[in-house]
Amino acid sequence: QVQLVESGGGLVQAGGSLRLSCAASGSIFTINAMGWYRQAPGAQRELVASITRGISTNYADSVKGRFTISRDNAKNTVYLQMNSLKPEDTAVYYCNAEIRSTSSFYVRSYWGQGTQVTVSS
C-alpha cells in the first residue's frame, strides 16, 4: 500500500509564506513526477507545480516567481514553498505522485488527502 501524507497548511495573511510537505510511504519501487494541485470552492482542481525525478519543474502562470517546488528523492518527499501569498491562493492543496509500487509493473497516480491553505486580506 502506498500513502501520501501532506502537512504545512494553515492560515496566513496576504504577503506571508507557507511551506507544504508531502511524504510518500509504503511499498514504493520508484517515484516519477510529483506535483501539487489546488481546488478552491466551486472551482476545478488545477495544477500548481510539478517536478520530475530529474528535477525539471513546471509552474502555473499564476504562481510563477512566488512558489517553488522541490523534492528530496532519498526521503520520497516533495515540498512547495509559497511566498507572497494572495487571497486568491486560498484553496485545498493536494499532493500527487506517479508511483510504481513493488507489487505492480505499472505506474499509477496517487493523491494525498489535501491540506487547507487560507490567505486573509
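**Ground rules.** I number residues from 1 along each chain as its sequence is written. In this predicted model I take local features at pLDDT of at least 70 and side-chain atom pairs at pLDDT 80 or more, with totals for chains, interfaces and linings using all residues, and side-chain values use heavy atoms, with hydrogens and water left out.

Strands here are DSSP runs of E, at least two residues, numbered from the N terminus, and two of them pair if DSSP finds at least two bridges between them. Ser-21 faces Tyr-79 of strand 8.

**Entry 2, strand 4.** I then followed strand 4 (residues 28–39), which runs antiparallel to strand 9 (residues 91–101) and is joined to it by 9 bridges. Strand 4 also pairs with strand 5 (residues 46–51), again antiparallel, over 5 bridges. Which residues sit across from Arg-38? In strand 9, Tyr-93 stands opposite Arg-38; in strand 5, the bridge partner is Glu-46. The hairpin of strand 4 and strand 5 has 6 residues between the strands, and Gly-42 there has a positive phi near 75°.

I found 1 disulfide in the structure, counting a pair of cysteine sulfur atoms within 2.5 Å. Cys-22 and Cys-95 form it, with sulfur atoms 2.1 Å apart. Cys-22 lies in strand 3 (residues 18–26) and Cys-95 in strand 9, so distant parts of the chain, 73 residues apart, are linked. The S-S torsion is about -80°, which means the disulfide is left-handed. Both Cys-22 and Cys-95 are buried (under 20% relative accessible area; exposed is over 50% and partly exposed is in between, with a 1.4 Å probe and protein chains only).

A nonpolar core is a set of buried Ala, Val, Leu, Ile, Met, Phe, Trp, Tyr and Cys residues joined through side-chain atoms within 4.5 Å. The largest one has 31 residues, and those with the most contacts inside it are Trp-36, Leu-80, Met-82, Tyr-93 and Ile-99. Strand 9 gives the most, with 5 residues. I listed what Tyr-93 touches, leaving out residues up to four places away in sequence: among them are Glu-6, Trp-36, Arg-38, Leu-80 and Val-117. Contact means heavy atoms within 4.5 Å.

Is Arg-66 buried or exposed? Arg-66 is buried, at a relative accessible area of 11%, in the loop between strand 6 (57–59) and strand 7. A polar atom of the Arg-66 side chain lies 2.9 Å from the backbone oxygen of Ser-62. Residues touching Arg-66 include Gln-81, Ser-84 and Asp-89.

Asn-76, in the loop between strand 7 and strand 8, has a positive phi near 55° though it is not glycine. Asn-76 is partly exposed at 23% relative accessible area. Ser-84, in the loop between strand 8 and strand 9, has a positive phi near 50° and is partly exposed at 41%.

Note on methods: Helices (H or I, at least four residues) and strands (E, at least two) are DSSP runs, numbered from the N terminus. A polar contact is a pair of N or O atoms within 3.5 Å; within protein, one must be able to donate a hydrogen and the other to accept it, and residues adjacent in sequence count only if both atoms are side-chain atoms.
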